[in-house]
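This briefing covers the packing of one protein chain. It is grouped by topic.

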Amino acid sequence: MSLIQWNEKFNVGVRTLDGQHQQLIGIINELHQAMSEGKAKEVQAGLLRRLTQYAAEHLKTEEKMLSSNGYADFVQHKAQHDNYISKVREMEQQVAAGKMSLGVALLPFLKEWWTGHILKTDQEYVAFFKQKGVS
């Protein structure tokens with residue numbers, strides 16, 4: 001069973017970003033599945049690296065689109081991205097040091113952050129991109 005069920009309410013109306021959001025949710029679900037099946041920590045660590053790299057790519061894409069189109073709340077939006085990256089790096093270090101389990105803290109954080117960010121913060125730019133003709 002998936003940790004996060006993708007549905008239309010996640011769409012922001014920009015194909016590139018919607019596709020990236022779906023990919024991110026998919027990787028989180030793969031990580032959840034690997035953990036549920038008790039797969040080796042190496043598999044879990046590889047999925048976490050893939051998620052971290054893809055998330056960084058997505059956030060840069062989103063930031064570039066927001067900035068280049070003159071989004072008024074860009075600074076606040078980027079600050080949320082920066083906080084996410086900082087928190088994930090901190091958690092990855094704790095997992096690597098054996099101080100934290102992926103399932104106990106990281107998966108709930110990923111689920112809450114990504115669903116909250118897409119469903120609230122990202123939805124705030126939907127009308128902006130529509131007005132700019134970005135789809």
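**Aromatic residues and packing**

With a relative accessibility of 0%, Phe129 counts as buried, the limit being under 20%. The model is predicted. Tyr125 is likewise at 0% relative accessibility and counts as buried.

**Aromatic pairs**

- The number of aromatic pairs is nine.
- Tyr125 and Phe129 have ring centres 5.1 Å apart and ring planes at 70 degrees; angles over 60 count as edge-to-face, so this pair is edge-to-face.
- One aromatic cluster is made up of Tyr71, Tyr125, Phe128 and Phe129.

**Nonpolar cores**

- The largest nonpolar core has 24 residues, and those touching the most other members are Ile28, Tyr84, Phe109, Leu110 and Trp114.
- At least two residues of this core come from each of the helices α1 (15-36), α2 (41-68), α3 (74-96) and α4 (102-121).
- Helix α4 contributes the most to this core, with seven residues.
- Leaving aside residues up to four places away in sequence, Leu110 is in contact with Ile28, Leu31, Leu51, Tyr84 and Val88.

**Glu62**

- Glu62 is located in helix α2.
- The side chains of Glu62 and Tyr125 make a polar contact of 2.8 Å.
- Beyond residues up to four places away in sequence, Glu62 touches Leu17, His21, His77, His81, His117, Asp122 and Tyr125.

**His77**

- His77 belongs to helix α3.
- The His77 side chain has a polar contact of 2.8 Å with the side chain of Glu62 and another of 3.2 Å with the side chain of His81.
- Residues touched by His77, not counting those up to four places away in sequence, are Glu62, Leu66, His117, Thr121, Asp122 and Tyr125.

Methods. Residues numbered from 1 in each chain as written. Predicted model: local features only at pLDDT ≥ 70, side-chain atom pairs only at ≥ 80, totals over all residues. Heavy atoms only, no water. Core = buried A, V, L, I, M, F, W, Y, C linked by side-chain atoms within 4.5 Å. Buried < 20%, exposed > 50% of the residue type's maximum accessible area, 1.4 Å probe, protein only. Helix = DSSP H or I, 4+ residues; strand = E, 2+ residues; numbered from the N terminus. Contact = heavy atoms within 4.5 Å. Phe/Tyr/Trp six-rings, centres within 6.5 Å; stacked < 30°, edge-to-face > 60°. Polar contact = N/O pair within 3.5 Å; in protein donor to acceptor, adjacent residues only side chain to side chain.
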